[in-house]
Amino acid sequence: MAQTIELAQTGKRDHLKALEKRYQTRWADERLFEVSAPPASELAGLTPAEIREKYPKWFGNFPYPYMNGSLHLGHAFTITKIEFAAGYQRMLGKRVLFPHGFHVTGMPIKASADKIIREIELFGPNFERFSQEAEDNAHAASTATTDAPSAQVDKGKKGKLAAKATGHTYQFQIMESIGVPREEIKNFADPLHWLEYFPPICVADHGAFGSRIDWRRSFLTTPANPYYDSFVTWQMNKLHRLGKIKFGERYTIYSPKDGQPCMDHDRQDGEGVGPQEYTALKMEVVQFSPEAQAEIADKVGGRKVFMVAATLRSETVYGQTNCFVGTAINYGVFAVNDQEAYITTHRAARNMAFQGIFATRGETNELITIAGAKLVGTKIKAPFSIHPEVYVLPMDNVLATKGTGVVTCAPSDSPDDWQTIVDLRKKPEYYKVQPEWCATDPVPMISTPAYGDLIAVALVKELKIQSQKDTKQLAEAKEIAYKEGFYSGTMIVGDFVGERVQDAKPKVREKLIKAGLAFAYAEPEGMVISRSADECVVALMDQWYLDYGEPTWRAQAERLLAKMETWTSETRNAFEGTLAWLNKWACARTYGLGSKLPWDPQFLVESLSDSTIYMAYYTVAQLLHEGDIYGRTPGPLGITPEQMTGEIWEYVLCNGPFPENSPLPREKADALRHEFLYFYPFDIRSSGKDLVPNHLSFSVYTHAAIWEDDESKWPLGMRTNGHLMLNGKKMSKSTGNSLTMRDSIEKFGADATRLSLADAGDGVEDANFDEKTANANILRVHTLLGWCEEIVQTLPNLRQGPLTSYHDRIFDEEINDLINITQASYDATNYKEALKYGFYELQSSRDWYREVTSDIGMHATLVQRWIRTAALVITPIAPHFAEHIWSSPAILAEPQSIQLARWPTPDRPVDKSLIDAGLYMRGTVKMIRDAEVALLKKMGKAKSKGRSGEMPFDPKKPKSVRVYVATTFPDWQNTCVAAVKEAWSEEHEKVDDAKVREALVEKGLIKDKRVMPFVQALKKRITQLGPETAFRRALPFSEVEALAEILPYLKKSLGLVDAEVLSVQEARTKEGPGYTLAIIDSSEPGSPAFEYRNV
């Protein structure tokens, strides 16, 4: 089943892993990653700006991982965005803070512990009574369903279940699959055991990865760490005091099994899904169909029976002509009270039971189940309709998983409804309906400028919809109809004639509800499954909630976002979209792990609400409980958890007044405050893109509220990345295509893993970790280390003295150029690009230099410089490799760790002419070499056809090459350049194509086939390089000089007897074989022509 690769040989890997362990031990022993603010005495009298200039800092973090298992490679991918940045920022001379916490708040641990308790009851303390038959039975039970199947793909189906699927039925099997011995699993029935077991594993994995983390600042959430618990208590109290936390009745996603709201991090599936509110129309039954009458009449106890239709378009009730049901759906008749009963799906009734609609909360009283087909032909009342009584009809596209399964029919404005009526009219016998049941024509209700007053009829005709089976076109028509009606429509019937639809809609709803003809109903907008495997509902309940979306608070959050760096437009757009819809969020629960809600301790703070500003806690954690994640032992200041009152937290973090009866000396509070003020705000928070709709946006809101009077504490940046695939496929334990962080380190080593994670990608699109790349990195790193050791031993034998060779100058300049390009990539957090230029391209530059100087040898100074540079620029990504080059007595033998080294900033601007000359040399050699290869292939084909004598020369015989250099461009090209330059608009930064065409027509070039491709290429150069560079076509270096320097290498590498360089003018005066005029004239500046000849 495994899809990951197996390594055939591991000797080189094992050597590198031994080096990695050596340097990890050194870094830990030297405590290199522990950082504190400068002493207060050194900052006295300095302004914040002066402090930043004299004592620069950088604070990066990522969402603390949940401690219910080991970190997987996706965690590692997100972590590297901070880890690589931390390494780079250290090289800029900044005090770098990279902390790491452990999240245990919420349901997952408690739910898993409860599963183990149940499994121990089933199978014994060591699960000794477990059998394969039991697993098969459990699996069958879990996949069995009683409802009609649905083809609908919910919004909530985001692949989370598939990504996390393990292929195991029981929790104890999952624990075994992650390496927990079976005899130890029973200990995990205690939720607190998880808190002791997994954090040390996480720390060890980071150690093996070489992470630059200050572990003194780590902590656990929940009261398991009383210091952090006091922090959350202060945070929640402050938000409550500011009016950001409110209490009231509202809709929320709810797990009946757990008896509490089910928020995003409590879900196994359906993250991001919220409540969808409908207007539920009460359509009283006037006369049941004969089939329904026979089944229902004596079962309802004299109650009035209503078919309940859920609609999002209350304004269309005036035009109801019918009502639809699904003939394949089973409906229930549910008693509301002694007087009324509702016909709806079982799923909808379950939701209603938690919304105060039925007599007893959480209970449904089903009187009878009836097939939808038997309800067809029932006559019902249509609230507010011009036609007061209508018939129930069948509809193919009614879903049991959406709404109530009862659909009101307004064919004038619903394309689905109109097409269904058309189908029924065409084939009444087939659908088993009476023609008179569907004879009512659409009622004009809403007038629109684009489609008149029968928008559905018009759209069905325009999109050529033929039947209910044209679901794609119907979906398109539905969207158009809704938007056109809502935004541009005007009511032409009913109580609100002349009003815009968007104004009339809520008024119609309110009037229906007041008249007792409708009620509010809500359900999840997609499937939501809790971590306890419960299908969630929407409940209407009194609860504590964060008032996200409140206009003033939202404006603050949007102002924070506007000031904050996001690195990509996609991330900014995601934030803006979230802030536009984000609304009230339940912040309390009764089940799971968490801090108590201070003013209502029957509740716990939910997991996304205690995780919004904890980054501030990192700045003081090491002083409160240094190195003790549980906070059991006071830190260096000797402060106890009880002393960290709300007043003290307010003083430390928000410049509040120092309390008169302070529980601790002011100097201790000032020490905490000093650390906070120096490091906060954080510079960057990196996360997977899936946290923008919840955690990251909550963090934006909460920072805006807590520090509303001090915007200098607002986050400076938040960065997001895509998900990580493995070998081009989604990671999945059930298919074997999965790696934990530890698995990868053990398999490939730390640096090979880190290099491959850097190479995986940087944007918000999904990235890919390729195991073949990781395996290749083992060989590359091992080979490079070996070369460095060997070449250092030979340095005395290499060329010494001044850098006299043209190739020396180019190589030296290329090193500078690659340093600058790599630095720009690090600055932009583009680590794939940093790896490309600071690792691969840098080695390619060395390889070229080694080749072209094979006749005179490499220069010792440049070789040493290259080795130092190669180590320094890759330090952020591959620190173990870099450290070995830097520290090893056999290579550079530097006494201090490379973790303390500075970025190798060039001492002068890069000479671009030398860079261009180097590129020109490479390109020319490749062009000449490729031409010979092509000629050999051509000869092979000609020989096979018996035409070998047609070739101009034989590459297998002694040969020479002539290279022709042009100093001027062809006249037609100059004319084209002049035309484009004349048509270039500096103001609009674009070329006026019409002007170009007009000029080319005037010059008689418009029909020349060479012209338009040249013009398009020139426009592309303008986009890439800017107009000034593109229009300046002169080369910044001497072609003749560059070619003269490369000729020795050219002769040697191509096995030439001779090679000569001629100007085009000189070549034209020559006669004889080997001087082909067509080839000579094809030369252009920067693109020399050449021809071989046998000698």
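In which loop is the place of K432? K432 sits in the loop between α15 (428–431) and β15 (446–447), where helices (H or I, at least four residues) and strands (E, at least two) are DSSP runs numbered from the N terminus. Its phi is near 60°, a positive value in a residue other than glycine.

The model is predicted, so local features need pLDDT of at least 70 and side-chain atom pairs count only at pLDDT 80 or more, while totals for chains, interfaces and linings use all residues. Residues are numbered from 1 along each chain as its sequence is written, and side-chain values use heavy atoms, with hydrogens and water left out.

P681 belongs to the loop between α23 (666–679) and β23 (684–688).

The domain assignment gives domain 1 (17–103 + 213–240 + 594–721), domain 2 (275–415 + 424–440 + 494–524), domain 3 (745–910) and domain 4 (951–1094). Such bounds come from an automatic or database domain assignment. Between the C-alpha centres of domain 2 and domain 4 there are 77 Å.

Next come two sheets. In the one with the order β26-β25-β27, three strands form an open sheet with mixed pairing; two strands pair if DSSP finds at least two bridges between them. Its edge strands, each pairing on one side only, are β26 (729–730) and β27 (767–769). Strand β25 (residues 724–726) runs parallel to β27 and is joined to β27 by three bridges. Within this sheet L726 stands opposite F769 in β27.

Helix α26 (residues 750–760) lies across β25 and β27 and runs at about 155° to β27. Axes here are lines fitted to C-alpha atoms, for helices over the stretch in contact, and angles run from 0 to 180 degrees between N-to-C directions. Helix α26 also packs with helix α25 (residues 741–748), at an angle of about 115° and with the axes 7 Å apart. In that packing S744, I745 and F748 in α25 meet A750, A752 and T753 in α26, a contact being heavy atoms within 4.5 Å. The classes in this contact are four nonpolar, two polar and no charged residues. For these classes Ala, Val, Leu, Ile, Met, Phe, Trp, Tyr, Cys and Pro count as nonpolar, Asp, Glu, Lys and Arg as charged, and the others, Gly among them, as polar.

The other sheet is likewise open and mixed, with three strands in the order β31-β28-β32. Here the edge strands are β31 (1058–1063) and β32 (1089–1094), and each pairs on one side only. Neighbouring strands are turned by 20° against each other on average, direction ignored. Strand β28 (residues 959–965) pairs with β31 in the parallel sense over six bridges, and V963 stands opposite V1061 in β31.

The remaining features are empty spaces. Rolling a probe the size of a water molecule over the atoms shows where such space is left. On a 1 Å grid over the protein atoms alone, a cavity is a set of points where a 1.4 Å probe fits but cannot get out, and a pocket is an open set with protein on both sides within 12 Å along at least five of seven lines; lining residues have an atom within 4 Å of a point. Grid points are joined across faces, edges and corners, and a volume is the space filled by probe spheres set on the points.

Two or more lining residues come from each of α1 (11–29), α26, α27 (771–793) and α31 (879–887); the largest share, five residues, is that of α1. This lining has eight nonpolar, three polar and four charged residues, and at least three residues come from each of domain 1 and domain 3.

The second largest pocket has about 980 Å³ of space. Of the 31 residues lining this pocket, K402, V407, S414, D416 and K478 are the closest to its centre. Elements giving two or more residues to the lining are β7 (304–311), β14 (406–409), α14 (415–426) and α17 (471–488), and α17 supplies the largest share, seven residues. By class the pocket lining divides into 14 nonpolar, ten polar and seven charged residues.
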